[in-house]
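Dear colleague,

Please find below the structure that I am handing over to you.

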Amino acid sequence: MGEKKNYLIFPSPPTPYSLLPTPHSPLKIMAKLELKNINKTYNPKIIPVKDVSLTVDDHEFLTLLGPSGCGKSTTLRMIAGLEEPTHGRILLGNEDITFKRPGDRNMAMVFQSYALYPHMTVSENLASGLKLKKTPRIEIQQRITEVSQLLGLDDLLYRKPGQLSGGQRQRVAVGRALVRRAQVYLLDEPLSNLDALLRERVRADIKQIFAAQKVPVVYVTHDQTEAMTLSTKVAVLNNGYIQQLDPPEHIYNHPANLFVAGFVGSPQMNLLTLTCQEHDAILGNFRVKLPDLPTVPPQIVLGIRPEHVHIAQPDDPQTIQGRVYLVENLGMYNLVSVHVARSGSEPLSVRALLSPDQNWSDGEITLALPPQNIHWYDINSGDTLYSHSHS
Amino acid sequence: MKNILLWGAIAFVVAFCLAPVMWQILTSFKFNQDIAAVPTVYFPTRITLNHYIELFNRRPFWNYILNSAFVSIVSTALSLALGAPAAYTLARLRPRGSRLILAGILMVTLFPGILLFFGLLEIIQRLHLGNNYLALIIPYTAINLPLTILVLRSFFEQLPKDLEDAARVDGYNTLQMLLQILLPMTIPALVTTGILTFIFAWNEFIFALTFMTREDMKTIPVAAAQLGGASVFEIPYGSIAAATIVGTLPLVLLVLFFQRKIIQGLTAGAVKG
């Protein structure tokens, strides 16, 4: 498999992408993409997108993140014009484009399956959109050369998609979007068909390439790593609603509700439903001090990320004891699962990420839960009740 | 050992399937004496082209071929031109009641064509379409449409939807998309169904026999069947065999020519592989 080898490497360009001249003419009008109360109803039972509002500015890379069926792809397809929203409006610049045909929107899209035209060569694939717009031949040629140099497609221009490897097809798909010099780029899980090693490589390239375009980019993924690394802004979607719309760091440090807390972060945040007594939450045989709340609910959800749980030092204010029942080696860390001592009913389980040099004796372990890293959630609404403001 | 068995089996199957064809070919080259000889002459020692020459000299055989070709080509083109849009509509646009329509189409294919015969005869008499190419073209197209629609529909359903979306984002309108993106990818399916229709139209006998009575309007199967000898008692086996061969040859050439296209999977590489 000689092919395999060169598809492991997304060829390093001579200059970093960000240093390349931006392909836009300086006169081009930059535009803000705006979604206002978008709703898509197929029938009363199937409503993939219930109410989504967001804006994406030039230079912004917005990721729609969510589990499958959360409405992220439908939202993207409505931006592209492939579906019409049932309610709501889509604005580009100050123009209402809600019902414009996809071809008239000057948006370019990269599909999960790449969707290259199989009967055309790479070069024809790249040129197809421009030809329809009656771009002069010389300019088409120029842009193809430019893009194929940027993406390392020079040697592939006269091949057909069937003769390309997965990584090469993916690059052609990106190239077909780039030659368009669109006002908005839309990417629908463009990395999900690549193998893990290649994916990391391409992820970094995509970040640089699209940052250099300086126009709104909307990216759809269910992969939180992609969302965290690529975006300037992440919209976490579930059930057709935006759960949280914030920069990635903020999403990670201050999840707005239980869903975001559980969905973002790997390994998953510890989420424990606890009973409250006076100003404490009862965690097994231990008490965790509640923050200042207007009223103390009968039950509350405590959230803490495994990486914030550590082996207790003498001066730690909040500690719990438990028995280690599972250690998973993740290389850099051990993921340690602990049953917290609890009289009576089933034990509660807490997971901690500990570096491999940390030891405990005899399966018994004392863990510290730093109060500044604890999140508190309402058990009914799932909304955050208290989150420390510093990150 | 395994190989010997395999080749033996292949030889048997080939002989079993092609023996009648072989017999016709041999007969068409035999002298009349050899055809009637007892004991049977299986492999002629002397061959002649007389039967073929007679075919074209004593009868307007070119005319029959042209009739057949015209009727077959037009019905094939019509059934593809009508069937492809219908199939696309059923596969992608899914109008209301498309399931019912599909069930109806399937019913039509189950209906034995011969039962339509008297009805058609009546219609053709009323419309005075006898001895008119339309009398064959219309029924041939109609009979083949259901199969064309069913085959093309399942083919369109297999085509990745993303391709059409990509085309729309690129700015193709529906007609451009159909002609420039979908059609080139549909060629294998079009060729396959087209050939089936063509073969049916080329070989059809009953309608052609009944609706075309004028000599210069006859198609090959009818003409071949009606070849007569010098007297009522003579059956011109040699000429009939030659006519059969001449009638089959275009089909064989057609299939061989398009074989590649039929097999070729053009969609390879459209989406992730």
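A crossing of two helices is called right-handed if the near helix is turned clockwise from the far one by less than a right angle, and left-handed if the turn is anticlockwise. Please note before reading on that this is a predicted model.

Helices α4 and α5 of chain A

The term applies to a pair of helices in chain A: the crossing of α4(A) and α5(A) is right-handed. Helix α4(A) covers residues 137-151, and its axis lies 10 Å from that of α5(A), at an angle of about 140°. From α4(A), the residues Val147(A), Ser148(A) and Leu151(A) meet Arg171(A), Val174(A), Gly175(A) and Leu178(A) of α5(A). Sorted by class, this contact has four nonpolar, two polar and one charged residues.

One of these residues, Leu178(A), belongs to helix α5, which comprises residues 166-178 of chain A. Is Leu178(A) buried or exposed? Leu178(A) counts as buried, because it has 24 C-beta neighbours inside 10 Å and the cut-off for a buried residue is 20 or more. Between Leu178(A) and Arg143(A) there are 9.0 Å in space, C-alpha to C-alpha, and the two are 35 residues apart in sequence.

Chain A as a whole

Chain A contains nine helices and 21 strands. Along the principal axes, its C-alpha atoms fill a box of roughly 80 × 50 × 40 Å. Buried residues account for 39% of the 391 residues of chain A. If one takes the contacts in chain A between residues at least 6 apart in sequence, 65% of them join residues at least 24 apart.

A residue of chain A that touches chain B

Ala80(A) is placed in helix α2 of chain A, which spans residues 72-80. Ala80(A) has 21 other C-beta atoms within 10 Å and is therefore buried. Leaving aside residues up to four places away in sequence, Ala80(A) touches Pro102(A), Met107(A), Met109(A) and Leu186(A), as well as Val169(B). As for Pro255(A), it is 175 residues from Ala80(A) in sequence and 29 Å from Ala80(A) in space, C-alpha to C-alpha.

The interface seen from chain B

How many residues of chain B are in contact with chain A? There are 22 such residues in chain B, and they are in contact with 26 residues of chain A. On the side of chain B that touches chain A, α8 (161-170) and α9 (174-203) each supply at least two residues. The largest share of that side, seven residues, comes from α8(B). By class, the side of chain B that touches chain A has 12 nonpolar, five polar and five charged residues.

Chain B as a whole

The secondary structure of chain B consists of 12 helices and zero strands. With a radius of gyration of 23 Å, well over the 19 Å that the globule rule gives for 273 residues, chain B is more spread out than a compact globule. Its C-alpha trace spans about 75 × 65 × 30 Å along the principal axes. Of the 273 residues in chain B, 31% are buried. Among contacts in chain B between residues at least 6 apart in sequence, those that join residues at least 24 apart make up 75%.

Helices α7 and α9 of chain B

Helix α7 of chain B runs over residues 134-158, and its axis comes within 10 Å of that of α9(B), the two crossing at roughly 155°. Angles over 145 degrees count as roughly antiparallel, and α7(B) and α9(B) are therefore roughly antiparallel to each other. The crossing in which α7(B) passes α9(B) is right-handed. The residues that make this contact include Tyr140(B), Leu147(B), Val151(B) and Phe155(B) of α7(B), together with Ala189(B), Thr193(B), Leu196(B) and Phe200(B) of α9(B). By class, the contact of α7(B) with α9(B) has nine nonpolar, six polar and no charged residues.

A residue in helix α12 of chain B

Finally, Arg260(B) is found in helix α12 of chain B, residues 237-263. Arg260(B) counts as exposed because it has 10 C-beta neighbours inside 10 Å, where 12 or fewer is the cut-off. Ala77(B) and Arg260(B) are 183 residues apart in sequence and 20 Å apart in space, C-alpha to C-alpha.

With kind regards

Definitions and conventions:
Residues numbered from 1 in each chain as written. Chains lettered and ligands numbered in written order. Predicted model: local features only at pLDDT ≥ 70, side-chain atom pairs only at ≥ 80, totals over all residues. Helix = DSSP H or I, 4+ residues; strand = E, 2+ residues; numbered from the N terminus. Contact = placed C-beta atoms within 7 Å. Rg over C-alpha atoms; globule rule 2.2 N^0.38 Å. Nonpolar A, V, L, I, M, F, W, Y, C, P; charged D, E, K, R; others polar. Axes fitted to C-alpha atoms, helices over the stretch in contact; angles between N-to-C directions. Parallel < 35°, antiparallel > 145°, perpendicular 65-115°, else oblique.
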